[in-house]
Amino acid sequence: MTEDAVPAGELYTDGFAADPYPTFARLRTDRPVCPVSSPRFDSWLITRFDDARAALTDPRLSKDLYGPGQHYLRIFGPNSEGLNRNMLNSDPPEHTRLRRVVSQAFAPRRIEALRPRVAQVVDHLIDKMLPQGQAELMHDFAIPLPMTVICELLGVPPEDHDRVLDWTQVIRTSGSTRRPPQEERAAVQEAQLRLHHYFADLVRAKRDDPADDIIGALIDAVDRDGTLSEAELVTTTFLLVFAGHQTTADFLGNAVLALLTHPEQLELLRATPQLLPAAIEELLRFDGPLPVASPRIATEDIEYEGVCIPRGSIVGVAINAANHDPAHFTDPDRLDLRRVRGPHLGFGHGVHYCLGVSLARMEAQIALAALLRRLPGLRLGVPLDEVRRLPAASPFRGLLELPVTFAA
């Protein structure tokens with residue numbers, strides 16, 4: 001890494017975790033393409049909207065982390081390949097093949113058919129919270145909702161939902177415990193191994209007892225025409241579980257917090273519920289759950305904004321910085337639920353555009369509508385500066401806890 005790299009001490013702090021947008025604004029203005037040193041790995045960061053959008057489709061920025069550079073070891077550590085060799089970390093034509101197998105399961109028509117079941121899960125979770133007059137909204141609502149939905153879609157037995165959730169949360173909350181770094185890494189590696197073994201065993205069980213679910217469809221793709229390998233079947237299942245709940249859960253927490261800290265926008269949404277679809281897009285632009293897109297590798301020297309990113313560099317596309325670029329969004333740091341909808345990058349762009357976008361939007365619409373309708377007087381249960389967040393070095397932007405109160 002070059003000597004002029006932005007040091008970790010400027011980016012990976014509690015203050016940055018609480019509000020990264022002033023730092024993103026400074027980088028967009030002064031260093032829109034810059035090397036960054038971080039606790040996880042050194043990389044280059046792209047922060048302006050036009051550059052970010054171009055980088056997300058630049059074939060010179062590869063998503064294949066498993067080439068000669070062994071980048072997956074630097075980024076994800078030991079035991080990661082068994083879970084991370086999937087369509088997220090691949091380029092066409094491999095990406096095209098892997099994505100095609102699961103794309104039908106997430107077709108908008110099929111997802112829309114899930115609406116009654118999602119509403120049922122939402123009401124069940126709120127029913128449990130309602131008599132108490134208070135809740136920890138991440139643990140009680142935002143995380144179990146998408147986890148339940150994606151597990152049911154995949155065919156994970158109900159009695160295993162909590163186990164899968166516990167293992168994924170070890171990975172999600174890495175860096176937020178008081179454990180020494182070595183113990184933290186060991187815990188993540190153990191969770192990865194347990195998830196790999198679990199999904200491998202589940203696939204074997206479903207071969208003996210076929211079911212009409214996504215895992216059943218993936219098994220059929222393996223057995224019918226070899227579209228997927230056995231290993232790819234397991235890694236695809238893991239990807240769908242993790243991606244299918246993680247970002248939605250973090251989005252719901254971020255969205256509720258944004259509304260509670262902008263009461264005029266909250267009241268606008270209560271008074272004008274037809275704004276909800278547009279409000280979700282604005283909330284995603286305003287404070288999305290994936291601040292930096294998953295890593296890319298420069299396959300050759302690449303120039304952006306007159307700056308050369310050397311071949312072999314890890315490159316991060318700062319989605320949340322791009323979504324606050326004043327060149328594309330008027331007064332971008334203001335939450336405006338009536339904002340004329342623009343082309344934000346919250347769901348990505350190009351061939352890696354979020355496969356589960358229809359499911360995420362539908363879950364968010366049902367969840368936020370129900371919370372606003374059924375929890376009158378919803379407000380923060382602690383001062384804003386006491387809300388616990390994922391660490392700044394996390395690849396996700398989300399909350400560890402969101403205590404709220406409401407009228408019982």
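Let me start with a definition: a residue is called buried when its relative accessible area is under 20%, exposed when that area is over 50%, and partly exposed in between, using a 1.4 Å probe and protein chains only. Tyr12, at a relative accessible area of 28%, is therefore partly exposed.

Next, where the numbers come from. This is a predicted model, in which local features need pLDDT of at least 70 and side-chain atom pairs count only at pLDDT 80 or more, while totals for chains, interfaces and linings use all residues. Residues are numbered from 1 along each chain as its sequence is written, and side-chain values use heavy atoms, with hydrogens and water left out.

A pair of rings is described by the distance of the centres and the angle of the planes. Here, rings of Phe, Tyr and Trp (its six-membered ring) pair if their centres lie within 6.5 Å; planes under 30 degrees apart count as stacked, over 60 as edge-to-face and the rest as tilted. That rule gives nine aromatic pairs. In one of them, Tyr12 and Phe16 have ring centres 6.4 Å apart and planes at 55°, so the pair is tilted. Phe16 is buried, with a relative accessible area of 11%. Another pair is Tyr198 with Phe199: the centres are 5.4 Å apart and the planes stand at 70°, so this pair is edge-to-face. Tyr198 is buried at 8% relative accessible area, and Phe199 is buried at 1%. Which residues do ring pairs link into a cluster? They are Tyr12, Phe16, Tyr21 and Phe24.

A ring can also have a charge over it, which here requires NZ of Lys or CZ of Arg within 6 Å of the ring centre and within 35 degrees of the ring normal. The charged end of Arg285 sits over the ring of Phe329, at 5.4 Å from the ring's centre.

Now a helix. Helices (H or I, at least four residues) and strands (E, at least two) are DSSP runs, numbered from the N terminus. Helix α14 covers residues 214–225, which is 12 residues. The expected span of a helix is 1.5 Å times one less than its number of residues. After α14 comes Gly226, with a positive phi near 70°.

Which residues of α14 are buried? They are Ile214, Ile215, Gly216, Leu218, Ile219, Ala221 and Val222. An α-helix has 3.6 residues a turn, so residues three or four places apart point the same way. The cover over the buried residues of α14 includes α7 (94–103), α11 (144–154), α13 (181–208) and α15 (230–260).

Helix α15 also holds His245. This histidine, His245, is buried, with a relative accessible area of 1%. Leaving out residues up to four places away in sequence, His245 touches Pro146, Met147, Ile150, Thr168 and Gln169, where contact means heavy atoms within 4.5 Å.

On to cysteines. A disulfide is a covalent bond between the sulfur atoms of two cysteines. The test used is a pair of cysteine sulfur atoms within 2.5 Å. How many disulfides does a search of the whole structure find? It finds zero. The sulfur of Cys308 is 14 Å from the closest cysteine sulfur, in Cys34, too far for a bond. Cys308 is partly exposed, at 41%. For Cys354, which is in no disulfide, the nearest cysteine sulfur belongs to Cys151, 17 Å away.

Last, some backbone details. Pro92 and Pro93 are joined by a cis peptide bond, with omega about 5°. Pro93 is in the loop between α6 (81–84) and α7. Glu305 is not a glycine, yet has a positive phi of about 55°. Glu305 sits in the loop between β6 (302–304) and β7 (307–309) and is partly exposed, at 40%. Asp331, also not a glycine, has a positive phi of about 45°. Asp331 is found in the loop between α18 (319–322) and α19 (357–374).
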